[in-house]
Amino acid sequence: MSGEIKKKVFFRADGNSRMGLGHVIRSLALAEIIKENFHVTFLIQSPNQYLSDEIRKTCDDLVELPSNQPADNEADYINSLLSPDDLIVLDGYAFDESYQRILKKRNINIICIDDIYSTYFPADAIINHTSGIPVTKYKAEYHTRFYLGVEYALLRLPFLKCATEYRDIKSIETVFVNFGGADPLNYTCRVVKELINSGRFKTIHVVIGAAFSHKSELLDIQQKDRADKLRIHESVDVDQMLNLMLQSQIGICAASSVAFEYCCAGGGLFVIKTADNQNDCYQFLVKDGLAEEYTPEAIELISPEDIHQMIATQKRIFNGQSIKNLRALFNYYLVKDQIYFRRATENDSKTYFDWANDPDVRMNSINKRKIEWDTHTTWFTQKVTNPHSILFLFSYETKLIGQVRLDLVEGNWLISFSIDQESRGKGFAEIIVYKAIIALRDEWNDPFTLKAQVQEDNIPSLKVFQHLGFIEGPSEEQYGYQFRNFYKPSR
């Protein structure tokens, strides 16, 4: 997009020795992924020099916000900085429903990074990169979209790129320790003492941040370390962090983004839940075999064979695809306002006929037989004149790109869609389905439920309905194929 005026994305997060730096670091990771196509500004209160430097490495602009003002006053102030249709990414627990509604008064597009689902979300989209979280955990607007799971991992680019590389570990001599940049409860010193007392490790790499308030105690432990095992690394950059992880065969981390980063590097991983908001992440890591609960005994027992098995699981789940997925999420905002739709007429019959007989469309349909022209024309005429059927036709840059059909069946609006072959893989499907269901809700006054039936192996279509907040119900078999049912009430 060289030479073009880029769409603006603002990031809002804070970090310090009390709350930690996780919100800022993962927001910066996302900013790094999308900044090629967007002008990126970071909004933050009272950053220390380390955070300021890190932000300026990634973002086009840094704005220091007034400190200690009420959240609603801050939201009003941010409204004065942003223009309608700008994007803002909120990462923090202070940005509640009231805060978001103030921003929505000026039609600001809001994306929330959230892992505790403790407020109502007027936001346009929610990212939670912990897997296993159902959409039903969230209370949000009808239009809110959901991007849940590690396929949206908010990790720094070197880690995501490293996720595709496999490690072969033959011996266990070095351990990596990191509990975030602040670690206010000082798990660092507790674990380091236990590791020094263990005779298993030759080297202990400990990473702390500028916000770590227990540095003097850690230095005292290092001074008393007669075997000279302990190496302290402060405020390292992303490449140094990754290098330290790759030097180690075992990592001991908080159940947070740093554990996800270690999964990308690959190795024996042990986690501790250091804050209540890490519960989901902790359960996911341990339950799915990516990590084990940290205990001194478990550290002594793990073998290279155990680590190989753990690495295989880590590499299967963290595969680097979140770069593509997160860029697609934001590119949605670059094209959505350029996609238009209208009701189909009888003059569109041939277009629908060609799309319906596309081999991929037939393969993913309930009835997979080729459709004959005479059968199609009778069916199409009936559909465009039936008040209980709605056919929307979508275009982008003057070219027809796809269609959405809604049929009122037994009190549910059954929704289906297809994309023109040349327009696939560009993120259009989610946009046209979203526009269609919002249009239906605006037109249809009575309460209703949307229903979608998707063939089990049609992953792209499954993702569309999951992102749009559909709730999955029991699956069923039709014509020898398994179909998954999704529902979305209008209220």
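This is a predicted model: local features need pLDDT of at least 70, side-chain atom pairs count only at pLDDT 80 or more; totals for chains, interfaces and linings use all residues.
**Aromatic pairs**

I searched the whole structure for aromatic pairs and got 24. I looked up Phe121 and Tyr138 among them. Their rings are edge-to-face, 5.6 Å centre to centre, with 70 degrees between the planes. Phe121 lies in strand 6 (residues 120–121), and Tyr138 is in the loop between strand 7 (125–128) and strand 8 (139–140). The pair therefore ties together parts that are 17 residues apart in sequence. I checked burial for Phe121 and Tyr138, and both are buried.

I then turned to Trp413 and Trp444. The ring centres are 5.0 Å apart and the planes stand at 85 degrees, so I logged this pair as edge-to-face. Trp413 sits in strand 19 (residues 412–419). Trp444 sits in the loop between helix 17 (428–443) and strand 20 (449–455). The pair links distant parts of the chain, 31 residues apart. Trp413 is buried, at a relative accessible area of 0%. Trp444 is partly exposed, at 24%.

I also noted one aromatic cluster, formed by Tyr117, Phe121, Tyr138 and Phe146.

**Arg145**

Which rings does Arg145 lie over? I found Tyr332, with Arg145 over its face at 3.9 Å from the ring centre. I also found Tyr434, where the charged end of Arg145 sits over the ring, 6.0 Å from its centre.

Glu430 belongs to helix 17 and Arg145 to strand 9, 285 residues apart, so I marked the pair as linking distant parts of the chain. I recorded both Glu430 and Arg145 as buried.

**Other salt bridges**

I counted 30 salt bridges. I picked out a few.

Arg101 and Glu141 meet through their side chains at 3.5 Å, N to O. Arg101 is in helix 4 (residues 97–104), and Glu141 is in the loop between strand 8 and strand 9 (145–148). They are 40 residues apart, and the pair links distant parts of the chain. Arg101 is partly exposed, with a relative accessible area of 37%. Glu141 is partly exposed too, at 25%.

Arg405 and Asp407 form a salt bridge at 2.7 Å, N to O. Asp407 counts as buried at 6%.

My last entry is a network of salt bridges that links Arg12, Asp14 and Glu74.

Terms used:
Residues are numbered from 1 along each chain as its sequence is written. Side-chain values use heavy atoms; hydrogens and water are left out. Rings of Phe, Tyr and Trp (its six-membered ring) pair if their centres lie within 6.5 Å; planes under 30 degrees apart count as stacked, over 60 as edge-to-face and the rest as tilted. Helices (H or I, at least four residues) and strands (E, at least two) are DSSP runs, numbered from the N terminus. Buried means under 20% relative accessible area, exposed over 50%, partly exposed in between (1.4 Å probe, protein chains only). A charge sits over a ring if NZ of Lys or CZ of Arg is within 6 Å of the ring centre and within 35 degrees of the ring normal. A salt bridge is a side-chain nitrogen of Lys or Arg within 4 Å of a carboxyl oxygen of Asp or Glu.
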